[in-house]
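Subject: Structure for your review

Dear colleague,

Please find below the structure that I am handing over to you. My findings follow directly after it.

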Amino acid sequence: MISRLIWALPIACIAPLTWASNQTLVFCSEGNPEFLKPSLNTNTTSFDVTEQIFDKLVTFEPGGTQVIPALATRWTVSPNGLEYTFHLRRGVKWQSNALFTPRRDFNADDVLFTFERQWKRDHPFYTVTSAKHVYFNDVGMPEVLASLQKLDDHTVKFTLKQPDAPFVANMAMSWAGIESAEYARAMRQAGTPEKIDQAPLGTGPFQLLRFEKDVALTYEAFAKHWAGRAKLDRLVFDITPDAGQRWAKLQSGACHVMAYPNPADLPSMRDDPRMAVMNQTGLNVGYVAYNLLKKPFTDVRVRRALNMAINKRRILRVIYKNTAVPAINPIPPMVWSYNREVEDDVFDPVAAKKLLVEAGYPAGFSTTLWAMPVQRPYMPDAMGVAKLVQEDLAQVGVTVKIDSPDWVNYVSGMQAGEHDMGILGWTGDNGDPDNFLNTLLGCTSLKGHNVAKFCFAPYDDLVKKAKVSSELDERARLYHRAQAIFKSQAPWFTLAHTVQFKVLRAEVQGFVLSPSGRHSFDGVSLKP
């Protein structure tokens, strides 16, 4: 398992605090980031942190999944769908700190550095901090990317080996945040290449001043941001893992925005005139993953039996407080190509016992279930879910021990396959079915987001064919078939698609809900 390193920025790296007004917003966050470098991160908690610092070539419109220009003003695609040319914005400034003062603006060299660092194993920064570039691999970039060329200082061309339908949408995701090649070169010459990830500098709306693990991250507005200075002077991520404590801080005024409220607290939040409760159907799925590399989960009959033994409706009623709908497929119903003909698992403990006997486990077996220690958009209380699953499986002779590693090791441990069963989920990044069906369940994602370690050729062939097709109807037909195969193979117990809630103090203005559940504070302000 890769060790996740959480850094406190050294005092020498911190610029003096220069804000002059009361525009300081405190966001009650739920946990520490994995890394301060976007391409190494794998969860929303971490991307919330780096999204403030790093811009991308393209991004998503506020509150939507439509791709719009960012560091690239426009892009063109060749008729054969293999060449993507990005025309870069001019005059974009880099942030600076006590370690480094940029001597030039953003240019094509930075684009090449960002992607080649993740792609080329002989790149001098490939292994700096970590060589596990999860998203780059899981969206299939190593398989699809043929070359990356600098045509001039403000033009770059990506050439693909084969068509890739979600290519531009994938480039708008947080993992593709652009880093400074000049900063990297300076730190390498100084003998401290890791500093670019410990004291990150981007072109984004906020500059990170300090990170204290388990305490807070502190930012200030980047005055030279290409889109204009943020309205806030300072932004603080107050790290508060417990949802009840986050709510208490919001009530006291210690925080202005909180992540992931407890569903049970929503009525009192709505009744509080000092608060605004925002909600939106989430682009998400929560599930229990079986580790198909470990017995007895190598046997599909065992997986199907457990799916029939777990009472999904009880979990939705007790834990989600009816703020979610039952998940049937691995993609939410709002995603195009959702297969409405697939039927959900039937809750039937008697049939589950018979199937376990057929699989060779008449007396059941013992296993371990991992339950995440933090709230997520798709999972308000993983420990509560785990206990209900434990009770249900005991009725069919399966003894479940519950473990709950800390969040950083939880994610990396599941990706490494250390679990037997594990509660996890996903919030979509770009609205494309590939972002669920391939990223979470494809064979190329086995070392990353495919925590079930599900690699089934009939399924994988379908999602790979859909990925290279330019015909939307054909992609939808292929994804329909893939969802049916997924359900029959049962690598997950599909649990819930939730409504996402954000609770803000009434003085917060300009906050926009994101379908991906991210928290962006560019454009946000506080009433005087």
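Thr129 sits in the loop between helix 2 and helix 3, where helices (H or I, at least four residues) and strands (E, at least two) are DSSP runs numbered from the N terminus. Although Thr129 is not a glycine, its phi is positive, at about 70°. Pro296 belongs to the loop between strand 13 (284–290) and helix 10.

Please note that this is a predicted model, in which local features need pLDDT of at least 70 and side-chain atom pairs count only at pLDDT 80 or more, while totals for chains, interfaces and linings use all residues. Residues are numbered from 1 along each chain as its sequence is written, and side-chain values use heavy atoms, with hydrogens and water left out.

Helix packing

Two packed helices are described by the angle between their axes and the distance between the axes. Axes here are lines fitted to C-alpha atoms, for helices over the stretch in contact, and angles run from 0 to 180 degrees between N-to-C directions.

Helix 10 (residues 300–309) and helix 12 (residues 349–358) have axes that come within 8 Å and cross at roughly 165°. Helix 10 and helix 12 are therefore roughly antiparallel (angles under 35 degrees count as roughly parallel, over 145 as roughly antiparallel, 65 to 115 as roughly perpendicular and the rest as oblique). Helix 10 passes helix 12 in a left-handed crossing (left-handed if the near helix is turned anticlockwise from the far one by less than a right angle, right-handed if clockwise). In this contact (heavy atoms within 4.5 Å), helix 10 contributes Arg301, Val302, Arg304, Ala305, Leu306, Met308 and Ala309, and helix 12 contributes Pro349, Ala351, Ala352, Leu355, Leu356 and Glu358. Ten of the contact residues are nonpolar, none is polar and three are charged (Ala, Val, Leu, Ile, Met, Phe, Trp, Tyr, Cys and Pro count as nonpolar, Asp, Glu, Lys and Arg as charged, and the others, Gly among them, as polar).

Helix 16 (residues 457–468) and helix 17 (residues 472–489) pack at about 160°, with axes 9 Å apart. Helix 16 and helix 17 are therefore also roughly antiparallel to each other, and their crossing is left-handed. Among the residues in contact are Tyr459, Leu462 and Val463 of helix 16 and Leu478, Ile485 and Phe486 of helix 17. This contact has ten nonpolar, no polar and four charged residues.

The axes of helix 2 and helix 6 (residues 181–189) come within 8 Å and cross at roughly 65°, which makes helix 2 roughly perpendicular to helix 6. Asp109, Asp110 and Phe113 of helix 2 meet Ala181, Glu182 and Ala184 of helix 6. Three of these residues are nonpolar, none is polar and three are charged.

Pockets

What is the volume of the largest pocket? The value is about 790 Å³. On a 1 Å grid over the protein atoms alone, a pocket is an open set of points with protein on both sides within 12 Å along at least five of seven lines, a cavity is a set of points where a 1.4 Å probe fits but cannot get out, and lining residues have an atom within 4 Å of a point. Grid points are joined across faces, edges and corners, and a volume is the space filled by probe spheres set on the points.

The largest pocket is lined by 34 residues, with Glu51, Thr59, Phe60, Pro62 and Ser520 the closest to its centre. Its lining comprises 14 nonpolar, 13 polar and seven charged residues.

The second largest pocket, of about 420 Å³, has 18 lining residues, and Arg121, Tyr126, His133, Asn137 and Lys447 lie nearest its centre. Helix 3 gives the largest share of this lining, four residues.

Cavities

The structure holds four cavities of 30 Å³ or more.

Kind regards
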